[in-house]
Protein chains: 2
Amino acid sequence: MTRNDGPQKVDIVTRVLAANDRIALENRKRFAADSVMVIDIMGSPGSGKTSLLEATIPRLKETSGTGVIVGDIATARDAWRIALQGVPAIQIVTENFGGACHLEAGTVAEAYGKLDASAIDLLFIENVGNLVCPAEFDLGQDARVVVLSVTEGEDKPLKYPLAFHEADLVLISKCDLVPYLDIDMDSLLENVCEVNPRVDKMVLSAKSGQGMDDWMAWLAARMKMSGKMTS
Amino acid sequence: MTRNDGPQKVDIVTRVLAANDRIALENRKRFAADSVMVIDIMGSPGSGKTSLLEATIPRLKETSGTGVIVGDIATARDAWRIALQGVPAIQIVTENFGGACHLEAGTVAEAYGKLDASAIDLLFIENVGNLVCPAEFDLGQDARVVVLSVTEGEDKPLKYPLAFHEADLVLISKCDLVPYLDIDMDSLLENVCEVNPRVDKMVLSAKSGQGMDDWMAWLAARMKMSGKMTS
């Protein structure tokens, strides 16, 4: 989204966001009526959102019916990767909507309609890889997770504050790479706190499995809190 | 930028882009009149754009007057990092323009006015960390460089095609990390070619110095080609 093009553009942007928020509210009611907990996952391209889901889904098989909606500008590669895990996955290709750099509540509503909600307790929405624009658009989710790779550097929460401000959980991913990087993990976590003092934080690696138990426990606690737990 | 909100929104977006293109054309003329070659550097958050410039600027000291315009949503951290190299650096903080997710020709024109063009042969514009939106906005540059970190994965050119399609050079960065990743470099380079068969490609590491000579040679060749070489 851009807002620096004079009053008329600002009006339009405000109207687009207001229209989105109305649909997001409808989504939220629909998800509640269906007892589906919805997690919106945001992060830069290559931060590890799909790899996180690939590592997460097998661990949920015993306890939850999982579904995934994936947003990408082009290709259905991520939905194919997810579908290999044996769960329903719907790809939204935003190129069909002019190359939108984020998901909106309306496209999510349409994708959700293609899923069998009765078989789903937990729906992940993997947003378009973009640390900026998705944070502006409420999708009706129960919680927002920002995935930030250790390779992106410790200053990113300060430089891209909105996504971190909107997050309920910040997952610092790819921590298996820390020994090969010049990253100050304390400083990274302090920067997250500076932008959002109350946000939950975890350090994990989908590859090594480190931190995955904490993530699963966080999901279970959120499911319980939302009253949408089926088992 | 979003375009999926009906005809009125599309109209506005089209007008914004057309207005931007007019200013970009003026920028291009101004850069030519000043004999300044301008390189727009795009890439995801944490792809290594600032580190690349930190490694590049000292190597240019003998041959070129260098200047940098840096775009970020928040903080002036990157301009400080660049200024430590002893070259003029202007930070554009897009938060002041509603948090814009990209640079536009108008803000670049304003920043350029703060530089002493007579001391500059080569101007780098470090765009906002975003692999999506910056590619839509011509800034009046001579060439566009996309920096893609090896940590982002081999599928990114296919998933974010516009930036790669618009690029004159794709720099695959952080290649010192390849031994610790499951990345297929051949497949990555093939995917770049699939989106943009004629684009120049290089693999480098600002940290180890690998590939930096090729990048410097590319810059020198572009300077020569543009007729903007002073030495």
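Visitor: What order do the seven strands of the open sheet in chain B follow?

Guide: Strands here are DSSP runs (E, at least two residues; helices are H or I, at least four), numbered from the N terminus, and two of them pair if DSSP finds at least two bridges between them. In this predicted model, local features need pLDDT of at least 70, and side-chain atom pairs count only at pLDDT 80 or more. Residues are numbered from 1 along each chain, and chains are lettered from A. The order in chain B is β3-β2-β4-β1-β5-β6-β7, with parallel pairing.

Visitor: Which strands are the edge strands?

Guide: They are β3 (89-93) and β7 (200-203) of chain B, each of which pairs on one side only. From one strand to the next, the twist averages 20°.

Visitor: Over how many bridges do β1 and β5 of chain B pair?

Guide: Five, in the parallel sense. R144(B) in β5(B) is the bridge partner of D40(B).

Visitor: Which strands does helix α4 of chain B touch?

Guide: Contact means heavy atoms within 4.5 Å. Helix α4 (residues 105-112) packs on the sheet and touches β2, β3 and β4 of chain B. Angles run from 0 to 180 degrees between N-to-C directions, along lines fitted to C-alpha atoms (for helices, over the stretch in contact); α4 makes about 145° with β3(B).

Visitor: Which residues touch the most other members of the largest nonpolar core?

Guide: Such a core joins buried Ala, Val, Leu, Ile, Met, Phe, Trp, Tyr and Cys residues through side-chain atoms within 4.5 Å, where buried means under 20% relative accessible area (1.4 Å probe, protein chains only). Among its 52 residues, F164(A) and F164(B) do.

Note on methods
Side-chain values use heavy atoms; hydrogens and water are left out. Buried means under 20% relative accessible area, exposed over 50%, partly exposed in between (1.4 Å probe, protein chains only).
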